[in-house]
Amino acid sequence: MGDPHMVQHQPQSRSTAADTETHLNAVASASSLTDQFQFEQILKVDDRLRAASDEDDLVHLIANETRKLAGARQVFVLRKLKRARWSVACVSSLALPEKDTPFVRWIEGLVSRIQADGRLNEGLEFSLPAFSNSEDDEVEAYPFPNFYWLPLKLSDGTVFAGLLLARERFWSKADAGFLSRHASVCVSAWKALFGEKLIRPTSRRSRWTGWIVAAVLLALSALPVPMTALAPVEIVGRDPHRVTAPLDGVIDDVLVKPNDKVVSGTALFRYEDTTLTSRLNLADQEMKVARARFERAQQASFSDEAARHELAALRHELQLKIAERAYAKTQLAKSVVKAKRDGVLIFDDRDDLIGRPIRVGETLIEIADPDQIAARVELAVSDAIVLERGSDIRLFLDADPLSSVPASLVSKAYHAEPNSTQQLVYRLHAEFSDPGVKARIGSRGTAQLFGETVPLIYFLLRRPIAAVRQYVGL
């Protein structure tokens, strides 16, 4: 029948093999589930990093999520500053690191020594007291002696930040491979926030460039420039003849139009003459009565002593009535105002004068020679600068804004007066440097006034300084 031990041994071998295969399948399945879980976790962390709203949010996510994924006990995120210095931007599980503490300065010193050793651009695993002084208290007191330096680099290889991971056990090659891939995700998230130029650390060349730019700006601020101001300008006639109201009254009709060319003796406007005509008629009648009384007394004086005594008084009364009639006639003659010189009429609108009560001496119309022109500038009080007689002025007329007309200041008002818009202005008068300049009277534009020479910085800050002084009084 055979050996019974052999018969029993064969079923036992088959059972052991089946159990072993089942165990291996379970282990493989568990390992596959673990890898899948880790992969999903990595993808979730990547999404969180890319969705960071600002740099503070990003460095906190990098520090805390990297600690979980890499199995680290503590993670430090460091940022490269000017002059190749390093600063701790974030520490895992801390909201805000105390940057002036000895421990933080010690961590920054570790990275500085890695940089001095020329190993900043590569992933580096080391254990204390490497890259530190053996006398440092942190070497003995810090409970996580095994570190891994993970640089974050731009596309050209420039290191702008880095992660320093710490834990009790050593770092393996598998850890290094994972962290290398994780570094690229962190760099991509940083670039998505700011772009590569803004996260690049300032180099020595850019620092010198900044000093050079500052020196150039300082030199330019002392550059002497003329103080200038802009103000509205209007072309006016030089020494125009002003037609003023000869008497009180109301204008009945204006016989000309604005910008009409007239000659001396042309009727310009006419007063309402009903009252003046009535006064003349009344004066004429009173003169006739006085004349009749005088003539009757003159005839009676030959025989009547009393009539002879009244004759002198009646003569003076007649002379008075004659004078009153002459005055009324003169006033009636003034009811039609005529031009006293040739030129162009300057006034706004006929309808503004018709029916308007006028007082003696009020200027109604100006008559100017179109070949004799000047410029009138209205300089606002807030733009007032020091100007001397003969100061240069450039005129930019609206009719030809691409070219300027040179002029010089001939007079300026001492007091500011309100203009048509009730803005306080100084009225300035200028004459053209070129007598042959042709411009229509009434043309408007902008005048650039040139005053004394001042530093450029004062030219730029004059208005802000004046505004501040109005509020603080310094």
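Reader: Which residue stands opposite R270 in β11?

Author: Start with the terms. Helices (H or I, at least four residues) and strands (E, at least two) are DSSP runs, numbered from the N terminus. Two strands pair if DSSP finds at least two bridges between them. Here, R270 faces V336 in β11. Three bridges join β10 (residues 267–271) to β11, and the two run antiparallel. One caution: this is a predicted model, where local features need pLDDT of at least 70 and side-chain atom pairs count only at pLDDT 80 or more, while totals for chains, interfaces and linings use all residues. Residues are numbered from 1 along each chain as its sequence is written, and side-chain values use heavy atoms, with hydrogens and water left out.

Reader: In what order do the strands of this open sheet lie?

Author: Four strands line up as β11-β10-β8-β13, with antiparallel pairing. β11 (336–338) and β13 (357–358) are at the edges with a single partner strand each, so one side of each has no neighbour in the sheet.

Reader: What is A267 in contact with, leaving aside neighbours within four places in sequence?

Author: Contact means heavy atoms within 4.5 Å. A267 touches L255, V256, V336, V337 and K338. Look at K338: 71 residues along the chain separate K338 from A267, yet their C-alpha atoms are 4.2 Å apart.

Reader: What share of contacts in the chain joins residues at least 24 apart?

Author: Count contacts between residues at least 6 apart in sequence; 69% of them join residues at least 24 apart. The chain has 10 helices and 20 strands. Of its 474 residues, 34% are buried.

Reader: What volume does the largest pocket have?

Author: On a 1 Å grid over the protein atoms alone, a pocket is an open set of points where a 1.4 Å probe fits, with protein on both sides within 12 Å along at least five of seven lines; lining residues have an atom within 4 Å of a point. Grid points are joined across faces, edges and corners, and a volume is the space filled by probe spheres set on the points. Here the volume is about 1200 Å³. Of the 45 lining residues, E234, V236, I346, E366 and R376 are the closest to the centre. β6 gives the largest share of the lining, eight residues.

Technical notes: Buried means under 20% relative accessible area, exposed over 50%, partly exposed in between (1.4 Å probe, protein chains only).
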